[in-house]
Amino acid sequence: MARARTPRSAPVRRSPWRRRIIVTLQILIGLGVLALGALAIAVYVARSQLPSFDELKSSPNGQMIRVHAADGSVIVSMGPSYGEWLAYGQIPRVMRDATVAVEDRRFYSHPGVDPLGIARSVMVRYERGRWIQGGSTITQQLARNVFLNNQKKFGRKFREWILALALERKFSKEQVLELYLNKVYYGGGAYGIDAASRKFFGHGAERLSLAEAAVIAGLVKAPSNYSPTADAQAAVGRAGVVLDSMVRYGAITQGQADDANPTSLALAPEPRQNSARYFTDWALPQLDTLIDETEAPLDVWTTLDLGMQRDADAAVRANAPAGAQGALVSLDRDGAVKAMVGGKDYVSSIYNRATQAQRQPGSAFKLFVYLAALEAGHKPEDTVVDEPVTIDGWSPRNDSRRNSGSVTLRTAFAYSLNTVAAKLGQEVGFTTVADMARRFGITTPVNTHPSMVLGTSDVRLIDMTRAFASVANKGVAITPYGITKVTANGQTIYTHEVDRSRVLVAPYVAAQMTDLLQTAVNTGTGRAAQIGRPVAGKTGTTSSSKDGWFLGFSSGLTTGVWMGRDDARPISGLHGGTAPARAFAAFMKPATASRPIEQFETQVTLPEWQLEPDEESYFGQPDNGGMMVDEDGNPIPQQSRDEEQQLQDDTGAPPAPAPAAQPQQQLDELIDRVTGRDQPGTDRRDERRDDRRDPGVPGRQPLTRDDRRDPNAPLRQPLQRPVQDDRPIQ
């Protein structure tokens, strides 16, 4: 009989999701093991590449910059400042405990990276919506300060973790803390607790009290915010946080915290900074565009003359009115800044009024008005009527409240007659004057209202000084510079080259302008600027005596002086010809003492405008584009070249010379054609110079010119050799 077969039980089917979870966990565990292995390898490799403890002690942080004066002496050392290196046992216990309590309470128990600190940081980030706590340990901060930067990127953070773990594998906790306290940045250029203690409290770190240690330990989080010299209240508040942390950490008792009184701490007095810091603050930022070196120690060689700088500082301090500030810039003939004073006291105010302040220049701006007039064809001997004038509802008055009648341009400039400047500006065009100012280096906006001829647009002192220096340089552009060369590890990586190729105005225009400027000092408003040798310059005074200016040059040195209040309030008795001119003289006398006396070239050579195919170079507007220069160094207006070339293209031959004699009407038509006054809509009665108008007729009074030719005289006369003008100055 066959035996019955027992049925087999059906196999239990496993959930596919359970299988996937198990596989995922296995993969994650495997990846975790691999990650730990990779981490261990990375830490081991980093540890093997770390410098030794002695090497880390000797390596500075940051880029050191030594700034040299023109004579090679060191003006200032910029960058990190280090005190004495203190071994772990020399560091006061209160300093060690304060740092650990406020920066890394679990320092002695974590391996270099604190997982609990990271978790706490993430939690705060989730609660607050932004990163409040970084979770960085002291070891991580050391790794970042020595080997990395402060970029907030995960890649940088991961490298920081690796280095922190490697540091703790190679060095003991005591060594890590010793390195940290001697290398961390505490603000004000101070690296390490000893430099910070000497900077803020005037003694070494081995003598730090509990309150002082709390102040210094509190600086690490934000050195600029909690600096006791910048914000004493914030520093005291932060020190209180440190003391509370020390109580919770168990380093001190509540009674000790209460006895420590940060508010009673006496700070070390700030070292007195001389005015040379105004110069270095202006020059050193230019390194970013001059060189690419950001790590190697640099030696920066500058143009600053320490003797001139001392004289400039003394001149400003001695002559600036009470309650007023003063600034001075002095340029050599190639643009080298020999002295720069941005204020009466650098410690009380680092604001550089020589390069940053924008103030109205007053009549000093007339430099550009007269340059435009001279370029348009006027001469210092031309006459003009000083009389009341109204332009678009604006009626300027002279400072003397008087009118002198018929005067030469030389006299009008010497005595700074406002009505004459207004007439000149209206004749040549206010836009032309603004273009002339920009051509000579004025970088601030220049308005074109009629009153602009009296200096109502804000300018910088260094720009105005640059403009006067370009006139002194015979019309060739001057660019101020302060750095001559830069060396790194003994190798020259930058050398300044002077550009002498940009011609701003023709040499004869610059010579005529110098003639006017010299007269202003000899007999005009700038007499207080006389120094016993030829000086050319101009005063400037704004309304209500808010600003006083004097700018001038002598013996190859151009100096500009400004005085006024930072809040632009009036100063009784302040005029460009008083305190600023006296400060100019007080500086320039010793500054030029060792330089040869140089006479100005007042003998003017006029251009050969009589031989030109037209009179564009005499009556035309300034060429504001790129200038071409002829063999004599005179700029060639683009319009003249284009017109002559067009005429040659149309006729196939050069333009025929004009007949030997022309009537006045034909001469006027020629002038109108080349100056654009024959265009439709142009009223020749308003635009053309007309010497025959009765000066008593109301309305615009065109300037009279004593060189108007006889209508029957030849149009093109041979150029006469200039003769020395021995007539007395009018």
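## Aromatic pairs and buried residues in a predicted model

Phe365, Phe368 and Phe440 are joined into a cluster by ring pairs. The model that contains them is predicted, not determined by experiment. In the whole structure, a search finds 10 aromatic pairs. Two of these pairs are set out in the table.

| Aromatic pair | Centre to centre | Angle between planes | Arrangement |
|---|---|---|---|
| Phe53 and Phe171 | 5.9 Å | 65° | edge-to-face |
| Tyr370 and Phe413 | 4.8 Å | 75° | edge-to-face |

The pair of Phe53 and Phe171 links distant parts of the chain, 118 residues apart. Phe53 is in helix α2 (residues 53-58), while Phe171 is in the loop between α6 (154-170) and α7 (173-183). Both Phe53 and Phe171 are buried.

The other pair in the table joins two helices. Tyr370 belongs to helix α15 (residues 366-375) and Phe413 to helix α16 (residues 409-414), so their pairing ties together parts of the chain that are 43 residues apart in sequence. Are these two residues buried or exposed? The cut-off for buried is under 20% relative accessible area. Tyr370 has 1% relative accessibility, so it counts as buried. Phe413 has 0% relative accessibility, so it also counts as buried.

### Lysines over rings

Phe413 also has a lysine over its ring: Lys538 lies over the face of Phe413, at 5.6 Å from the ring centre. In another case, Lys485 lies over the face of Trp301, and here the distance from the ring centre is 5.1 Å.

### The chain as a whole

The protein chain contains 25 helices and 16 strands. It has 730 residues, of which 49% count as buried.

How many of the 10 residues of helix α5 (residues 138-147) are buried? Seven are, so helix α5 is largely enclosed by the rest of the structure. The buried residues of α5 are Ile138, Thr139, Gln140, Gln141, Leu142, Ala143 and Arg144.

Asp313 is located in helix α14 (residues 306-319). Its relative accessible area is 12%, so Asp313 is buried. Apart from neighbours within four places in sequence, Asp313 is in contact with Ser275, Val341 and Lys344.

Val476 is found in the loop between α19 (461-472) and β10 (483-488). With a relative accessible area of 17%, Val476 is under the 20% cut-off and is therefore buried. Which residues does Val476 touch, not counting those up to four places away in sequence? They are Ser470, Arg500, Arg502 and Val503. Val476 and Val503 are 27 residues apart along the chain, and 4.4 Å separates their C-alpha atoms.

Notes:
Residues numbered from 1 in each chain as written. Predicted model: local features only at pLDDT ≥ 70, side-chain atom pairs only at ≥ 80, totals over all residues. Heavy atoms only, no water. Phe/Tyr/Trp six-rings, centres within 6.5 Å; stacked < 30°, edge-to-face > 60°. Helix = DSSP H or I, 4+ residues; strand = E, 2+ residues; numbered from the N terminus. Buried < 20%, exposed > 50% of the residue type's maximum accessible area, 1.4 Å probe, protein only. Lys NZ or Arg CZ within 6 Å of the ring centre and 35° of its normal. Contact = heavy atoms within 4.5 Å.
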